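The following note sets out numbered points for a colleague who is reviewing this model. Please read it alongside the sequence and the coordinates.

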Amino acid sequence: MNASRYLPRFFFALAILLLAAAPAQAQLTVQITRGVTSPIPIAVVPFASDAGTPVDLAQVIEADLARSGRFAGLPRAQMLQHPSTGAALDLAQWRLMKTDFVVIGRVHGAAPGYRVECELFNVVTGQRLGGFAISAADTRLRLAAHQTADFIYQKILGVPGAFATRIAYVNVRGTAAARRWRLYVADSDGENYTTILDSPEPIMSPTWSPDGTKLAYVSFEGKLSAIYVQTVATSNRERISARAGINGAPAFSPDGKRLALALSQPDGNVDLFVLDLASGNLSRITDDPSIDTEPCWSPDGRSLYFTSDRSGKPQVYRITLAREERPVRVTFEGSYNARPRVSPDGTQLAVVTLEDGGYRIGLVEVATGRSRVISSGRLDEGPSFAPNGQTVLYAAREGGHGVLATASVDGSVSSRISVAEGDVREPAWSPRVESQ
Amino acid sequence: MNRILGITALVTLSVLLAACPGKKAQVKPPATTGESVASSAGTTAPAADATGGQGKELGGSGATGADAGVTKSTIYFDFDSSEIRAEYAATLAAHGKKLASDRTIKVRLEGNTDERGSAEYNVALGERRAQAVKRALALQGAAPGQLATVSYGEERPTAEGHDEAAWAQNRRVEIVYLGGR
């Protein structure tokens with residue numbers, strides 16, 4: 001088929017009005033609703049600095065660790081000393097405080113450029129577990145703190161942290177008569193949030209490029225659905241699919257060069273396609289009279305998981321792109337399994353599943369098809385894995401309001417993330433943010 | 001399965017609407033069909049006239065005047081279904097005839113779902129509903145160029161609640177006149 005004929009390509013470099021001060025009602029507030037029964041006690045000592053810093057790094061690090069549900073920070077008021085070097089650290093004293101680990105640190109330099117150094121000690125063994133140093137502009141000191149927290153998390157727990165990450169989400173305010181949709185991006189702790197798009201029409205399905213610099217999303221501006229790709233830092237965007245009918249469910253390939261998407265035919269039937277972003281070539285992936293939508297790439301980029309109701313009810317299927325073969329069904333437990341998101345290691349799918357009359361988040365083991373439910377709401381949807389694969393972020397309903405929630409894949413930790421006004425939905429957890 | 005039922009319902013509907021004396025198809029009088037043909041999820045939606053004020057039912061399913069029918073502009077659906085209930089036959093006939101009589105009139109058929117389940121699947125389901133209404137109007141003589149569809153999925157509920165009463169109002173296609181009316 002002549003793909004370019006099917007997809008008129010529109011290139012816009014629209015400078016979206018970036019609201020300098022986003023309204024405070026849209027700020028995310030994170031609250032742990034369940035933590036591990038014995039969180040690891042850790043003391044994050046205030047960092048020494050030559051000339052003061054605009055950000056209290058130790059406070060950001062400690063809040064990150066506490067928000068993971070796996071650590072309990074020692075309150076500053078109980079710290080007898082604030083050492084900033086290994087030489088000044090009296091481990092016997094910290095042992096008396098019943099803390100297992102101590103983090104000390106220093107910030108060198110002054111605005112606009114700093115260098116952050118930290119060291120981690122095991123109080124029980126007396127061992128220095130390692131040091132971490134990073135340079136950061138004054139505007140990126142919070143990121144440096146999140147990266148330091150990631151280092152500490154990995155040193156102690158053996159798995160990478162997911163603090164130096166961002167969350168994209170849609171905030172919906174107002175009722176049917178005058179509703180507004182706003183797409184935001186915030187740091188994983190809810191801070192530094194910025195408006196990506198503000199619209200009187202629905203915004204759906206934000207998803208990150210694998211390098212974390214761009215978002216693809218669906219916007220109904222002009223009362224027609226279209227898929228846009230927008231660079232987060234500059235707000236420049238391109239309309240990359242605006243065919244008649246549905247343009248939905250965008251998903252970047254792992255190499256970032258292609259976008260899987262759901263398009264409808266003139267008769268309204270929805271199938272999967274893959275768009276090559278450089279050439280604009282469009283390839284059809286499925287051709288079935290049922291609904292095929294919500295594609296998600298396997299980590300190797302060779303296959304897509306997707307939702308299809310070809311068996312009568314929505315279930316998750318996998319199709320291998322290079323081969324001419326029928327999709328293989330991968331979910332079998334329950335009458336409703338949809339919207340798959342694959343874990344970073346490719347072994348599990350997070351899905352929306354129907355259990356006891358409630359829509360919940362399920363984890364499906366790809367190899368065996370075995371599934372378990374990790375959320376307990378009635379209207380949970382939109383799962384998104386943290387880049388470390390430890391936690392799933394999803395949308396839920398609580399007291400009539402749309403909130404976000406997280407559940408750790410091991411079931412030990414959960415949190416609730418809310419906004420002051422309206423509903424928050426369609427969360428997308430970014431890849432790890434790298435320093436620049 | 002839904003598709004086959006939907007097509008069956010449409011065929012039945014078209015036969016009903018055409019009221020062609022030569023056809024042998026067994027059809028029930030519209031006045032007796034308060035319930036849809038099959039509810040795929042086993043849930044029974046409340047009567048369609050339990051709406052939140054807009055698009056209020058006229059004088060029951062026996063309404064015959066073409067102009068009377070066009071004032072009802074919302075078609076409601078059962079859970080996970082895009083099948084048009086027989087009670088909307090007269091309404092859709094009236095809309096279809098109005099469109100057939102004036103080619104300058106255009107409508108946008110806005111498909112919607114309730115909030116349950118995943119968002120993009122619901123967009124596809126809403127589109128199916130809009131397409132079902134489109135086919136029904138086309139059978140009455142409306143031209144394809146007069147009928148645009150869009151699906152908002154679960155994004156635009158009219159009822160804010162989170163129970164079956166609200167969901168029944170949100171599973172709908174709104175027939176929005178864009179001109180000539």
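1. A crossing is left-handed if the near helix is turned anticlockwise from the far one by less than a right angle, and right-handed if clockwise. By that convention, the crossing of α2(A) and α4(A) is right-handed. Helices (H or I, at least four residues) and strands (E, at least two) are DSSP runs, numbered from the N terminus.

2. The model is a predicted one, in which local features need pLDDT of at least 70 and side-chain atom pairs count only at pLDDT 80 or more, while totals for chains, interfaces and linings use all residues. Residues are numbered from 1 along each chain as its sequence is written, and chains are lettered from A and ligands numbered from 1 in the order in which they are written.

3. Chain A contains 4 helices and 32 strands. Its radius of gyration is 23 Å, close to the 22 Å given by the globule rule for 436 residues, so chain A is as compact as a globular protein of that length. The radius is taken over C-alpha atoms, and the globule rule is 2.2 Å times the number of residues to the power 0.38. The C-alpha trace of chain A spans about 75 × 45 × 45 Å along its principal axes.

4. Two packed helices are described by the angle between their axes and the distance between the axes. In chain A, helix α2 (residues 57-67) packs against helix α4 (residues 141-157) at an angle of about 50°, and the axes are 9 Å apart. That angle makes α2(A) oblique to α4(A). Axes are lines fitted to C-alpha atoms, for helices over the stretch in contact, and angles run from 0 to 180 degrees between N-to-C directions. Angles under 35 degrees count as roughly parallel, over 145 as roughly antiparallel, 65 to 115 as roughly perpendicular and the rest as oblique.

5. On the α2(A) side, A:Leu57, A:Val60, A:Ile61, A:Asp64 and A:Leu65 take part in this contact, and their counterparts in α4(A) include A:Leu141, A:Arg142, A:Ala145 and A:Tyr153. Residues are in contact if their C-beta atoms, placed from the backbone, lie within 7 Å. By class, the contact of α2(A) with α4(A) has 9 nonpolar, 2 polar and 2 charged residues. Here Ala, Val, Leu, Ile, Met, Phe, Trp, Tyr, Cys and Pro count as nonpolar, Asp, Glu, Lys and Arg as charged, and the others, Gly among them, as polar.

6. One open sheet of chain A has 4 strands in the order β24-β25-β26-β27, with antiparallel pairing; two strands pair if DSSP finds at least two bridges between them. β24 (337-342) and β27 (371-373) of chain A are at the edges with a single partner strand each, so one side of each has no neighbour in the sheet. The twist in this sheet averages 30° from one strand to the next. Within it, β25 (residues 348-355) and β26 (residues 358-365) of chain A run antiparallel and are joined by 8 bridges. A:Leu349 stands opposite A:Val364 in β26(A).

7. Another open sheet of chain A has 5 strands in the order β2-β31-β30-β29-β28, again with antiparallel pairing. Its edge strands, β2 (29-34) and β28 (381-385) of chain A, each pair on one side only. The twist here averages 25° from one strand to the next. β28(A) pairs with β29 (residues 391-398) of chain A over 3 bridges in the antiparallel sense, and A:Phe385 has A:Val392 in β29(A) as its bridge partner.

8. At the interface, 26 residues of chain B are in contact with 35 residues of chain A. On the chain B side, α4 (119-139) and β3 (147-153) are the elements that give two or more residues, and α4(B) supplies the largest share, 10 residues. The residues of this side divide into 10 nonpolar, 7 polar and 9 charged.

Notes. Contact = placed C-beta atoms within 7 Å.
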